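Me: I would like to learn how to read some features of a protein model. Please take them one at a time, with the general idea before the case.

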Amino acid sequence: MIAVSDAALDFVVQHRADLFPDAPIVASVGSLPDDTARFAGAGMTGVITGVAYDSTLEMLLQMHPAVRRVFVVAYAPTLSLV
């Protein structure tokens, strides 16, 4: 199983015994799952991703001190173009 968000990993872990009992999990999540989830079943591995808006902005402002406005687009819904 591949889970690409905290919500997806929560679903996979919650239904693992019924739907994916022998499947290892590879996850890309924003926070470390608890020990119960990590050590249950056939194994789990992955990466913890994070956002560093504050440190990225700080670095940008050091490199370009004349900047006065910054716009951060942190989320954009998936668009379905028909």
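Me: What share of the contacts in the chain with a separation of 6 or more comes from residues 24 or more positions apart?
Reply: Contact means heavy atoms within 4.5 Å. Here, residues 24 or more positions apart account for 25% of the contacts with a separation of 6 or more. This is a predicted model, in which local features need pLDDT of at least 70 and side-chain atom pairs count only at pLDDT 80 or more, while totals for chains, interfaces and linings use all residues. Residues are numbered from 1 along each chain as its sequence is written, and side-chain values use heavy atoms, with hydrogens and water left out.

Me: How many helices and strands does the chain have?
Reply: Helices (H or I, at least four residues) and strands (E, at least two) are DSSP runs, numbered from the N terminus. The chain has three of each, and from the N terminus on the order is β-α-β-α-β-α.

Me: What percentage of the residues counts as buried?
Reply: Buried means under 20% relative accessible area, exposed over 50%, and partly exposed in between (1.4 Å probe, protein chains only). Of the 82 residues, 12% count as buried. The accessible surface of the chain is about 6,800 Å², and carbon and sulfur atoms hold 62% of that. Such areas come from the Shrake-Rupley method with a 1.4 Å probe; for residues, only the protein chains shown count as cover.

Me: Which residues form the largest nonpolar core?
Reply: In soluble globular proteins, nonpolar side chains tend to be buried together. A nonpolar core is a set of buried Ala, Val, Leu, Ile, Met, Phe, Trp, Tyr and Cys residues joined through side-chain atoms within 4.5 Å. The largest one here has seven residues: A3, L9, V12, F20, I25, A27 and V29. Both α1 (6–19) and β2 (25–29) supply at least two residues of this core, and β2 gives the most, with three.

Me: Is A27 buried or exposed?
Reply: A27, in strand β2, counts as buried because its relative accessibility is 7%. Leaving out residues up to four places away in sequence, A27 touches A3, L9, T45, G46 and V47. From A27 to T45 the C-alpha distance is 6.3 Å, although 18 residues separate the two in sequence.

Me: Where does L32 lie, and is L32 buried or exposed?
Reply: L32 lies in the loop between β2 and α2 (35–38). L32 counts as exposed because its relative accessibility is 54%. Beyond four places in sequence, L32 touches R38 and I48; the C-alpha atoms of L32 and I48 are 6.7 Å apart, at a sequence distance of 16 residues.

Me: How far from R16 is the nearest side chain of opposite charge?
Reply: Lys and Arg count as positive and Asp and Glu as negative; His and the chain ends are not counted. A salt bridge is a side-chain nitrogen of Lys or Arg within 4 Å of a carboxyl oxygen of Asp or Glu. R16, in helix α1, is buried but has no salt bridge, and the nearest side chain of opposite charge, D22, is 8.4 Å away.

Me: Which residues form a nonpolar patch on the surface?
Reply: Patches are made of residues with over 30% relative accessible area and no salt bridge; like charges are joined within 9 Å, nonpolar side chains (Val, Leu, Ile, Met, Phe, Trp, Tyr) within 5 Å. Y53, L57, L60, L61, V70 and V72 form such a patch, with about 470 Å² of accessible area together. Y53 counts as partly exposed because its relative accessibility is 42%.
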